[in-house]
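User: Could you walk me through reading a few features of a structure, one at a time? I would like the general idea and then the case at hand.

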Amino acid sequence: MQIVKRNVELRVDDSLMRVYVASPKPRGTYPGIVFYSDIYQLGGAMIRLVNYLAGFGYVVAAPEIFHRTEAIGHVIEPDDLGRMRGNDNARRTAIAAYDADTRAVIDFLKADSAVAPGKIGTLGFCIGGHLAFRAAFESEIKAVACCYPTGIPSGKLGQGVADTITRIAEITGEMLMVFGTLDPHIPESDRHTLITAMENAGIPHQVLLYEAEHTFMRDDGYRHDSAAATSAWSAITAFFENIFATVN
């Protein structure tokens with residue numbers, strides 16, 4: 001499916017948040033997806049993922065997660081210095097600020113005439129996986145895909161300690177978790193904690209494990225695994241399709 005692309009600006013706590021939006025070109029209504037990048041923001045690798053998902057029939061809205069600390073449109077390079085910069089941005093962002101951004105993007109999608117009423121999900125990578133997990137606390141979120149989400153059991157996200165794992169019972173949507181078993185940032189103990197918490201809370205969920213490293217779905221890095229990424233994308237698109245097909 002062909003797509004159209006645009007940038008919109010949302011004001012959150014008096015900060016201008018750029019949101020990159022990709023949506024199907026044919027007229028109609030489609031499910032909306034709140035898309036969260038990793039710490040490097042909206043560089044080429046992430047934009048390609050946004051566009052790819054939109055081509056399956058979704059209005060995908062990707063905010064710049066560090067709009068309070070970085071200039072509009074700034075892309076952090078995925079190298080050692082960029083990792084330091086991205087992690088510093090994360091540490092300097094209040095957890096409540098991340099939540100406010102989520103609320104703003106959900107409200108934007110709800111107001112978009114191309115988004116089917118009641119059909120909103122979320123997808124995120126790395127820190128964005130954690131943000132997608134937190135987005136599920138919002139009642140509008142029906143489907144959640146978290147790719148190698150970091151910091152959920154430990155509460156590592158921004159300023160202070162995030163209460164994500166303790167609020168898991170608030171989630172009403174369905175979850176898909178994607179992990180790499182060779183990922184040192186999400187050890188087996190953290191995966192076990194997350195899976196057990198979802199089971200105890202009675203949350204419908206799926207877990208995919210790949211013999212892959214962290215960020216294996218970025219196509220511009222040395223840890224990219226095309227076979228694992230293709231398989232994960234197939235599962236993610238099927239997951240969204242199945243969930244939204246049952247939402248009235």
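Predicted model: local features only at pLDDT ≥ 70, side-chain atom pairs only at ≥ 80, totals over all residues.

User: Let's start with α6. How many residues does α6 have, and what length does it reach?

Analyst: There are 21 residues in α6, and from its first C-alpha to its last it reaches 31 Å, close to the 30 Å expected at 1.5 Å a residue.

User: Which residues of α6 are buried, and why do they line one face of the helix?

Analyst: The general idea comes first: an α-helix has 3.6 residues a turn, so residues three or four places apart point the same way. Here the buried residues of α6 include Ala229, Ala232, Trp233, Ile236, Phe240 and Phe244. Seen down the axis of α6, the buried residues fall within an arc of 160°, so they line one face of the helix. On the other side, Ala227, Thr230, Glu241, Asn242, Ala245 and Thr246 are exposed.

User: What do the buried residues of α6 pack against?

Analyst: They pack against β3, α1, β5, β6, β7 and β8.

User: Now arginine 218. Is it buried or exposed?

Analyst: Arginine 218 sits in the loop between β8 and α6. With a relative accessible area of 7%, which is under the 20% cut-off, arginine 218 is buried. The side chain of arginine 218 makes a polar contact of 2.7 Å with that of aspartate 38. Beyond its sequence neighbours within four places, arginine 218 is in contact with residues including Tyr40, Met46, Pro78 and Tyr148. Alanine 45 is 173 residues away along the chain, yet the C-alpha atoms of arginine 218 and alanine 45 are separated by 5.9 Å.

User: Which side chains make polar contacts with arginine 18?

Analyst: Arginine 18 lies in strand β2 and counts as buried at 15% relative accessibility. Its side chain makes a polar contact of 2.8 Å with the side chain of asparagine 7, and another of 3.0 Å with the side chain of glutamate 64. Among the other residues in contact with arginine 18 are Leu42, Pro63 and Ile72.

User: Last one: what volume does the largest cavity have, and which residues line it?

Analyst: The structure holds one cavity of 30 Å³ or more. The largest cavity has a volume of about 40 Å³. Its lining is made up of Tyr36, Pro63, Ile65, Tyr98, Asp101, Thr102 and Leu131. Helix α3 supplies the largest share of that lining, three residues.

How values were computed
Residues numbered from 1 in each chain as written. Heavy atoms only, no water. Helix = DSSP H or I, 4+ residues; strand = E, 2+ residues; numbered from the N terminus. Buried < 20%, exposed > 50% of the residue type's maximum accessible area, 1.4 Å probe, protein only. Contact = heavy atoms within 4.5 Å. Polar contact = N/O pair within 3.5 Å; in protein donor to acceptor, adjacent residues only side chain to side chain. Expected span 1.5 Å × (residues − 1). Arc of directions from axis to C-beta. 1 Å grid on protein atoms, 1.4 Å probe; cavity = no way out; pocket = protein on both sides within 12 Å on 5 of 7 lines; lining within 4 Å. Points joined across faces, edges and corners; volume = space filled by probe spheres on them.
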